[in-house]
Amino acid sequence: MNKKVLAELKKKLESERTLLKENLLKFADKDKKVAGDYDTRFPSFGERSSSPDEEAKEVETYENLLAIEYALELRLKEVNEALERMKNNTYGYCENCNKEIELGRLRANPAAKTCLSCTNKP
C-alpha cells in the first residue's frame, strides 16, 4: 500500500477515534482502572423524591446508554487496534489468510481486519 493511501486511512482512523471519545465522554467517564473502558453515568432527571415514572425513565435511559457505550467502546477498540497495526506494519493484511485487504474495503472501513473473502465465509 502506498504511503499516501496509508496516510489517508490513518487520518480517517484518528478522526474517528477522536469522535468516538468525544461521544463517549458526553455520558460516560473513563474508567481509571481499566484502559479503554468507560463507565456510563446514571442520569438524574430531578430531585431525589422523583415519581416512580421518573425513576423508571432514568433506568430506561441508563440501560439505553449502556448499550451505546458498549457499541462505541467496541468500535474504539477496533480503531485503536487498526492504528496499532499501522505502527507494526501489519495493517491492511487479513488476519485469517494474510492476503491484502481490498482497498475499497479499507476505505469503507479503515479498521477492517479481514478481506472480503474471509468476511463472507460461513
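The following legends describe close-up views of a predicted model.

**Figure 1. Packing of helix H1 against helix H2.** Helix H1 spans residues 3–25 and helix H2 spans residues 52–87. Their axes lie 10 Å apart and form an angle of about 150°. Because angles over 145 degrees count as roughly antiparallel, H1 is roughly antiparallel to H2. The crossing of the two helices, H1 and H2, is left-handed.

**Figure 2. Residues at the contact of H1 with H2.** From H1, the contact draws on Leu6, Leu9, Lys10, Leu13, Glu14, Glu16, Arg17, Leu20, Lys21, Asn23 and Leu24. The residues of H2 that meet them are Glu69, Leu72, Glu73, Arg75, Leu76, Val79, Asn80, Ala82, Leu83 and Met86. By class, the residues of this contact comprise eleven nonpolar, eight charged and two polar.

**Figure 3. The largest nonpolar core.** In soluble globular proteins, nonpolar side chains tend to be buried together. The largest nonpolar core of this model has 23 residues. Those touching the most other members are Leu9, Leu13, Leu24, Phe27, Met86, Tyr91 and Leu106. H1 and H2 are the elements that give two or more residues to this core. The largest contribution is that of H2, with seven residues.

**Figure 4. Surroundings of tyrosine 91.** Tyrosine 91 is among the residues that touch the most other members of the largest nonpolar core. With residues up to four places away in sequence not counted, tyrosine 91 touches Met1, Leu6, Leu9, Leu13, Ala82, Arg85, Met86, Leu106 and Pro110. Of these partners, Leu6, Leu9, Leu13, Ala82 and Met86 also take part in the contact of H1 with H2.

**Figure 5. Threonine 40 in strand E2.** Strand E2 covers residues 38–40 and includes threonine 40. The relative accessible area of threonine 40 is 9%, and this residue is therefore buried, as the limit is under 20%. Leaving aside neighbours within four places in sequence, threonine 40 is in contact with Phe27, Ala28, Tyr62, Leu65, Leu66 and Glu69. The C-alpha atoms of threonine 40 and leucine 25 are separated by 8.9 Å, and the two residues are 15 residues apart along the chain.

**Figure 6. Asparagine 89 and asparagine 98, each with a positive phi.** Asparagine 89 lies in the loop between H2 and helix H3 (103–108), and asparagine 98 also lies in the loop between H2 and H3. Phi is near 60° in asparagine 89, a positive value in a residue other than glycine. For asparagine 98, likewise a residue other than glycine, phi is positive and near 65°. Asparagine 89 is exposed, with a relative accessible area of 67%; asparagine 98 is also exposed, at 58%. A separation of 8.8 Å lies between the C-alpha atoms of asparagine 98 and cysteine 115, which are 17 residues apart along the chain.

Notes
Residues numbered from 1 in each chain as written. Predicted model: local features only at pLDDT ≥ 70, side-chain atom pairs only at ≥ 80, totals over all residues. Heavy atoms only, no water. Axes fitted to C-alpha atoms, helices over the stretch in contact; angles between N-to-C directions. Helix = DSSP H or I, 4+ residues; strand = E, 2+ residues; numbered from the N terminus. Parallel < 35°, antiparallel > 145°, perpendicular 65-115°, else oblique. Left-handed = near helix turned anticlockwise from the far one by under 90°. Contact = heavy atoms within 4.5 Å. Nonpolar A, V, L, I, M, F, W, Y, C, P; charged D, E, K, R; others polar. Core = buried A, V, L, I, M, F, W, Y, C linked by side-chain atoms within 4.5 Å. Buried < 20%, exposed > 50% of the residue type's maximum accessible area, 1.4 Å probe, protein only.
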